[in-house]
Amino acid sequence: MSQHFEEQDYTKGFDFATWKKLFQFCARYKKRFALMFAISALLALGLAVFPYLTGIAIDRFVVGEYINGAYYRDFDGLPAFIAVVSVAILFTSSMTFLFVWLAGRIQCDVTADVRETAFHHLQTLSFSYFDNTPTGWIMARLTSDVHSIGRVVSWGAIDIINGTFMVIFYIVFMFIVDVRLAWVMMAIFPVLFVVSLYFQRRILKAHRESRKINSKITGAYNEGITGAKTTKTLMREQRNFDEFEGLSGGMRKASIRAATLTGIYFPLIVLIGGVGIALVLGAGGTAVTIGGLSLGVLFVFITYANQMSEPVGMIAQVLSEMQSAQASAERTMSLLESTPDIVDRPDVIEKYGDFENPKRETWNKIHGQITFKDVSFNYKNAETVLTNFNLDVRAGEKIALVGETGSGKSTIINLLCRFYEPCSGQILIDGMDYRERPQIWLQSSLGYVLQSPHLFSGTIRENIRYGNLNATDEEVMEAAKTVDAYNFIMASEKGFDTDVGEGGSRLSTGEKQLISFARAIIGNPAIFVLDEATSSIDTETEQKIQAAILKTLEGRTSFIVAHRLSTIRHCDRILVIDNGKILEQGSHRELLAAKGHYHQLYTNQFKKEEQSRILGG
């Protein structure tokens, strides 16, 4: 369960550039944000009016006006005052409802947009990205990280706007009521700024460490679930737990560090706000005692000073959340800004389209003549796999690739399918460099059957139809009959509408392989690739697939990577690959007669199968 993938370390302070990119997701909702801006201003104004009205009520209706040594209360204006307060309450309540409703809508929409954009971008990345990036890391980006930044980008922006308006209106009303006390209250703001700056750097560092370990934990969960059977057979439960406990402990320490810093930060903000209240109470109380300030005005100032901590704390909390979310934002942006290794040229896209907008009417039909011309290739940070590799395949020819593990068979297939591209040299399809056409031009004409078949959640019918989304029910059934899968499908609980389960978990390996083969056939591909498609199934199912192979590959160019050499005897040509080079080539009979490397491989395998059959009998 050890994690060999090490993601980038982020050491910069608060990065406005990262957030600027993320706030672009809000651009499509600029009208909503403009409306939210106005609602926030009106709501803040309504909240700021209440203490001011309360101060008037105290001075006019509770204490009264001081005249000739006595206090006189004037109740003549009370009905009008009550009406004004009622209107203010109704207005503020309405603005609060609109604020919460609109903010919730914005959060849901922005979060969905970020997640959909990230998932869509993931579909465009090359195979190399998934080869080098753990599934758990990607899952963490698309789940917890996207949720975190979606909340901050939406609610965070709104809370900062609302909190800023509240602070502005509170300060304006304080200066309207009494300038001297207003300046006393303003003295705490430089202190708030310095404290916030000090803590935000340390909180950010702790959250970065927490998010980094979280990615490893997600990866460990993924490996633990997908490898459960292997874990049981190897009795690795305790080892897995120990490794996971180490990751979980690291996450706990980093999270506690972040929580501790945040726990210190917020009480400090409240404490500083309390100092402001104490300063106002001290200066204002003295003024009331000597008659220089009314009791209502002092009440207004104490209320404003007390309520000032709410929007300041709100802004401080958002900034703190942004420290946490920046760690998520940096990693999500690293995914969104990852560029595919294989990209169609602009002039190719303009003429022939791409995956999103294919211009099929401009495509030439693929016949299947394939040429590897002086192809060299190496994976990133790895030794060279192919050097000046050459191969000519006639249209409709059936080619088998055999060789030891790591000999280069899969690399040849990956290059053929343009999952990777040559570092040098050319791959020609019908005499034309396949980089002169979009990727979808080739890949839409490929039928690919893997050693470990993968089915998507849904029904058998849906999984077969993935090979051709426009296929009719009759064509789906015909594809199933072609690969001899029709009988077992009809014997299932709901026939073609039987749910296959996650990854095809409700079907046997052989049944999944038959369905994946039907899925490849229904697209009527010009080129077939079978990557050890029969190595993980039983002999009976293998015989069914072999019969289907002979029927469906007729007239189509095909590449078969085989472990069981008995399955490739029908191929037109067999290539023995060793260290990225063609060691031998010829038909099954020719290679056996040559008594070379293929003869040795075939003889040894035949002996092992016979021994296994006899012992098993």
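## A covered helix and its sheet

Helix α12 is mostly covered, with seven of its eight residues buried. The buried positions are Lys409, Thr411, Ile412, Ile413, Asn414, Leu415 and Leu416. These descriptions refer to a predicted model. Arginine 418 follows α12 and has a positive phi, near 60°.

What is the strand order of the open sheet of four strands? The order is β4-β3-β6-β7, and the pairing is antiparallel. Strands β4 (384-393) and β7 (432-433) are the edge strands, each of them pairing on one side only. Helix α12, residues 409-416, packs on this sheet and touches β3, β4 and β6 (424-429). The direction of α12 makes about 115° with that of β3.

Within the sheet, strand β3 (residues 370-378) runs antiparallel to β4, and six bridges join the two. Asparagine 378 has threonine 384 in β4 as its bridge partner. In a regular strand, the side chains alternate between the two faces of the sheet.

## The chain as a whole

The chain has 617 residues, of which 47% count as buried. Its secondary structure comes to 20 helices and twelve strands. The accessible surface of the chain amounts to about 31600 Å², and carbon and sulfur atoms account for 57% of that surface.

Contacts between residues that lie apart in sequence can also be summarised. Among the contacts with a separation of 6 or more, 77% are between residues 24 or more positions apart.

## Loop residues with positive phi

Most residues other than glycine have a negative phi. Aspartate 430 has a positive phi, near 55°, and is not a glycine. The residue is placed in the loop between β6 and β7. Is aspartate 430 buried, partly exposed or exposed? Aspartate 430 counts as partly exposed because its relative accessibility is 23%, which lies between the limits of 20% and 50%.

Asparagine 524 also has a positive phi, of about 50°, although this residue is not a glycine. Its place is the loop between α17 (509-521) and β9 (527-531). With a relative accessibility of 55%, asparagine 524 counts as exposed, since the cut-off for that class is over 50%.

## A hairpin and a neighbouring histidine

Strands β11 (residues 573-578) and β12 (residues 581-586) pair in the antiparallel sense, over five bridges. Isoleucine 577 has isoleucine 582 in β12 as its bridge partner. The two strands form a hairpin with two residues between them, and in this hairpin asparagine 579 takes a positive phi near 50°.

Histidine 588 lies in helix α19, which covers residues 588-594. Which residues does histidine 588 touch, leaving aside those up to four places away in sequence? They are Arg569, Ile574, Tyr598 and Tyr602. Histidine 588 is buried because its relative accessible area is 11%, under the limit of 20%.

Valine 195 is found in helix α7, residues 189-226. This valine is buried, with a relative accessible area of 16%. Not counting residues up to four places away in sequence, valine 195 touches Tyr265, Leu268 and Ile272.

How far apart are valine 195 and tyrosine 265 in space, from C-alpha to C-alpha? The distance is 7.9 Å, while the two residues are 70 residues apart in sequence.

## A nonpolar patch on the surface

Tyr52, Ile168, Val172 and Ile176 form a nonpolar patch on the surface. Together they have about 340 Å² of accessible area. Which helix supplies the largest share of the patch? Helix α5, residues 135-177, contributes three residues.

Isoleucine 168 is found in helix α5. With a relative accessibility of 42%, isoleucine 168 counts as partly exposed. An α-helix has 3.6 residues a turn, so residues three or four places apart point the same way.

Note on methods
Residues are numbered from 1 along each chain as its sequence is written. This is a predicted model: local features need pLDDT of at least 70, side-chain atom pairs count only at pLDDT 80 or more; totals for chains, interfaces and linings use all residues. Side-chain values use heavy atoms; hydrogens and water are left out. Two strands pair if DSSP finds at least two bridges between them. Contact means heavy atoms within 4.5 Å. Axes are lines fitted to C-alpha atoms, for helices over the stretch in contact, and angles run from 0 to 180 degrees between N-to-C directions. Patches are made of residues with over 30% relative accessible area and no salt bridge: like charges are joined within 9 Å, nonpolar side chains (Val, Leu, Ile, Met, Phe, Trp, Tyr) within 5 Å. Accessible areas come from the Shrake-Rupley method with a 1.4 Å probe; for residues, only the protein chains shown count as cover. A salt bridge is a side-chain nitrogen of Lys or Arg within 4 Å of a carboxyl oxygen of Asp or Glu. Buried means under 20% relative accessible area, exposed over 50%, partly exposed in between (1.4 Å probe, protein chains only).
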